[in-house]
Amino acid sequence: MLRMPAVSGRFYPGDSAELQKAVESYVAPAPHPIKTIGLVVPHAGYMYSGHVAGAVYSRIDLPARNIVLCPNHTGFGPPLSIMKSGAWRTPFGEIQIDEELCDALITADPYLQDDAEAHRFEHAIEVQLPFMQHMGGSSVKFVPITIGTGNLQQLQALGRAIAAVIPSVAPSALMVASSDMNHYESDAITRVKDKKAIDQILALNPEGLYEVVRRENISMCGYGPTVSMLTAANVLGASKAELVKYATSADVSLDFDRVVGYAGITVS
């Protein structure tokens with residue numbers, strides 16, 4: 001099955017040459033890239049958050065095998081939806097789904113269901129792929145998972161399943177939690193709220209993140225993917241998280257009344 005682009009030409013350039021220029025403007029590969037267990041990367045239109053995403057991808061040594069977790073913005077499909085076979089197309093070409101890793105994850109977590117509909121129009125994984133193709137080339141594969149549940153036990157169970165599978169199936173695999181931060185409040189309020197969530201991520205505290213997002217009404221769309229990623233990262237021995245870059249949409253739009261926050265974080 002070939003999944004066609006849903007937001008090409010809107011969230012990022014639909015022409016391969018224009019996309020290449022855009023991605024190159026956002027990334028500057030580090031001379032000594034670091035090995036990471038997990039990332040938090042934004043998924044807005046490139047004009048708003050591409051510089052934050054690029055800063056993160058510039059910092060890391062991207063492996064060939066990746067698990068990309070995102071919120072389910074569309075409402076299609078079951079609560080935990082994995083697309084276990086085929087490829088996704090971007091203007092850079094096709095990027096293959098890691099079928100072996102998908103099969104292992106489905107076996108490890110009974111809540112994960114193979115479902116393409118949840119992914120058909122979802123942008124939050126798609127916008128990551130051109131960065132991954134640019135940094136990793138044709139060898140890069142990925143596992144797409146959309147998360148449409150706020151059930152803490154299910155989010156933690158998914159994280160534990162990922163942590164159980166990675167060492168034996170894909171020891172160098174990277175987890176990417178695709179998430180924007182607080183939405184549609186003022187720049188000042190958003191920065192205060194986002195700091196509370198970011199502090200929990202930097203403390204490698206998935207339960208703390210879950211609790212503060214709910215208690216403080218922080219509209220971080222990908223808190224579920226981030227909780228799962230942090231849960232797995234802790235099992236896999238993570239010892240440090242670093243905020244690479246933070247911004248809001250106001251930096252580009254100059255509208256400080258209704259903004260979206262963007263955080264780029266590495267976990268290693």
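Leaving aside neighbours within four places in sequence, Gln154 is in contact with Leu80, Tyr111 and Thr149, where contact denotes heavy atoms within 4.5 Å. The structure is a predicted model, in which local features need pLDDT of at least 70 and side-chain atom pairs count only at pLDDT 80 or more, whereas totals for chains, interfaces and linings use all residues. Residues are numbered from 1 along each chain as its sequence is written, and side-chain values use heavy atoms, with hydrogens and water left out.

Gln154 belongs to helix H7 (residues 152–169); helices (H or I, at least four residues) and strands (E, at least two) are DSSP runs numbered from the N terminus. With a relative accessible area of 17%, Gln154 is buried. The accessibility classes are buried (under 20% relative accessible area), exposed (over 50%) and partly exposed (in between), computed with a 1.4 Å probe on protein chains only.

Helix H7 also takes part in the covering of another helix, H9. In helix H9 (residues 206–215), the buried residues are Pro206, Gly208, Leu209, Tyr210, Val212 and Val213. The elements that cover these residues include H7, helix H8 (187–202) and helix H10 (223–235). After H9 comes Asn217, which has a positive phi, near 55°.

Salt bridges were examined next. A salt bridge is defined as a side-chain nitrogen of Lys or Arg within 4 Å of a carboxyl oxygen of Asp or Glu, and the structure holds 13 of them. One of these joins the side chains of Glu242 and Arg59, with an N to O distance of 3.1 Å. Because Glu242 lies in strand S11 (residues 241–248) and Arg59 in helix H2 (residues 46–59), this pair ties together parts that are 183 residues apart in sequence. Both partners are partly exposed: the relative accessible area is 31% for Glu242 and 26% for Arg59.

A further salt bridge is formed between Glu185 and Lys193, whose closest N and O atoms are 2.7 Å apart. Here Glu185 is partly exposed, at 26% relative accessibility, while Lys193 is buried, with a relative accessible area of 14%.

Glu216 and Arg215 likewise form a salt bridge, with 3.5 Å between the closest N and O atoms. Arg215 is exposed, its relative accessible area being 56%, whereas Glu216 is partly exposed at 27%.
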